[in-house]
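Colleague: Could we go through this structure together? I would like to start with the strands and then turn to the core and the rings.

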Amino acid sequence: MYEEEEKKEGKKASSVIGKRSLSWCDAATLEEVKLIAKAIGKNITLNDVFVSCASSAIARQLAEHRQLFTTRTDGPLSHKHHPYVNVAIPVHLNGGFLLPGKSVGNNIGAMVARIPGEINNYDDNDTTDSSVDTAVQRLKTVHMSIQKIKNTPAPLISYVMAKFCSDFLPESVTKYIFQNANANAAFVLTNSRGSPKKLHIRGQPVESATAFFPLPPGVPVGIVVGSYAGVVSISVTAEKWAIPDADKFLGWMLEEYGRLRDEAVMIERKGKGKEIFKSSE
């Protein structure tokens, strides 16, 4: 949307094309994230939690773009709100389990799920996404959407198509196909599981480890949720026209995570009469 509006205004969209916006941080302990997921739903995963956080951040980014260009053009934009967005999620075809003597290899497929975006967020001056009832409601909707697509052959089909294209078609043709076959995904999110304990290099501990996602053709935002030594990290790699300030975007993700955490605490208080988390202050 950012790029399209720059062109309408007669400005050089090339000033942001090809540039990247990057941010990363340690977000929470792995134990805490698992407790939040367990408190909210039996089968909710770490991926579900952060796909939900990212979808909230995407909604706020869209609202900010709309507000920015409304100010520039001195009038309302023709762009509609996006109550839903698509997310691409890589899937290991062996279910993430490696047999003895086997490597990860390229046995990776992908699936695209339709998840909440700017649901009921029709106030251009509201960039907080507050009109979504609760963070928990958003997360549960995300979980159901992802779970539904998991039960289809989509990951296997995408793997077969990608392998055929890369093995038999020219690179330029393959790139064109990938750019036009991403289901209009707003972002891709994957996880990277690191060592549960700190590693050492020549006797010195590696204190932190973060992975970054190389953006596939046609997808403007890549997010990696990693774990290392019991700590969950998040990295954001984005086209600058889509996310001008990755630090702000990552901050929005963390704010949504904080809301989930607070709501999970309330759920536990009501269900068990006590907290399973320490008070967040």
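This is a predicted model: local features need pLDDT of at least 70, side-chain atom pairs count only at pLDDT 80 or more; totals for chains, interfaces and linings use all residues.

Colleague: Which residue stands opposite Ser-23 in E8?

Modeller: Val-236 is the residue opposite Ser-23.

Colleague: And how many bridges join E7 to E8?

Modeller: Strand E7 (residues 221–228) is joined to E8 by 8 bridges, and this pairing is antiparallel as well. Within it, Val-225 stands opposite Ile-234. The two strands form a hairpin with 2 residues between them, and Ala-229 in the turn has a positive phi of about 55 degrees.

Colleague: Is E8 mostly covered or mostly open?

Modeller: Mostly covered: of the 9 residues in E8 (residues 231–239), 8 are buried.

Colleague: Turning to the core, which residues touch the most other members?

Modeller: In the largest nonpolar core, which has 46 residues, these are Phe-50, Phe-187, Ile-223 and Met-253. Beyond its neighbours within four places in sequence, Met-253 is in contact with Phe-50, Cys-53, Ala-54, Ala-57, Ile-223, Ile-234 and Val-236. A second, separate core of 6 residues includes Val-188, Phe-213, Val-219 and Val-224.

Colleague: Now the rings. How many aromatic pairs does a search of the whole structure find?

Modeller: The search finds 2 aromatic pairs. One of them is formed by Trp-24 and Phe-212, whose ring centres are 5.4 Å apart; their planes are at 85 degrees, so this pair is edge-to-face.

Colleague: What about Phe-50 and Tyr-257?

Modeller: Their rings are stacked, at 5.7 Å centre to centre with 10 degrees between the planes. Phe-50 belongs to helix H3 (residues 46–73) and Tyr-257 to helix H7 (residues 246–272), so the pair links parts of the chain 207 residues apart.

Colleague: Lastly, where does Arg-114 lie?

Modeller: Arg-114 lies over the face of Tyr-84, at 4.0 Å from the ring centre.

Definitions and conventions. Residues are numbered from 1 along each chain as its sequence is written. Side-chain values use heavy atoms; hydrogens and water are left out. A nonpolar core is a set of buried Ala, Val, Leu, Ile, Met, Phe, Trp, Tyr and Cys residues joined through side-chain atoms within 4.5 Å. Buried means under 20% relative accessible area, exposed over 50%, partly exposed in between (1.4 Å probe, protein chains only). Contact means heavy atoms within 4.5 Å. Helices (H or I, at least four residues) and strands (E, at least two) are DSSP runs, numbered from the N terminus. Two strands pair if DSSP finds at least two bridges between them. Rings of Phe, Tyr and Trp (its six-membered ring) pair if their centres lie within 6.5 Å; planes under 30 degrees apart count as stacked, over 60 as edge-to-face and the rest as tilted. A charge sits over a ring if NZ of Lys or CZ of Arg is within 6 Å of the ring centre and within 35 degrees of the ring normal.
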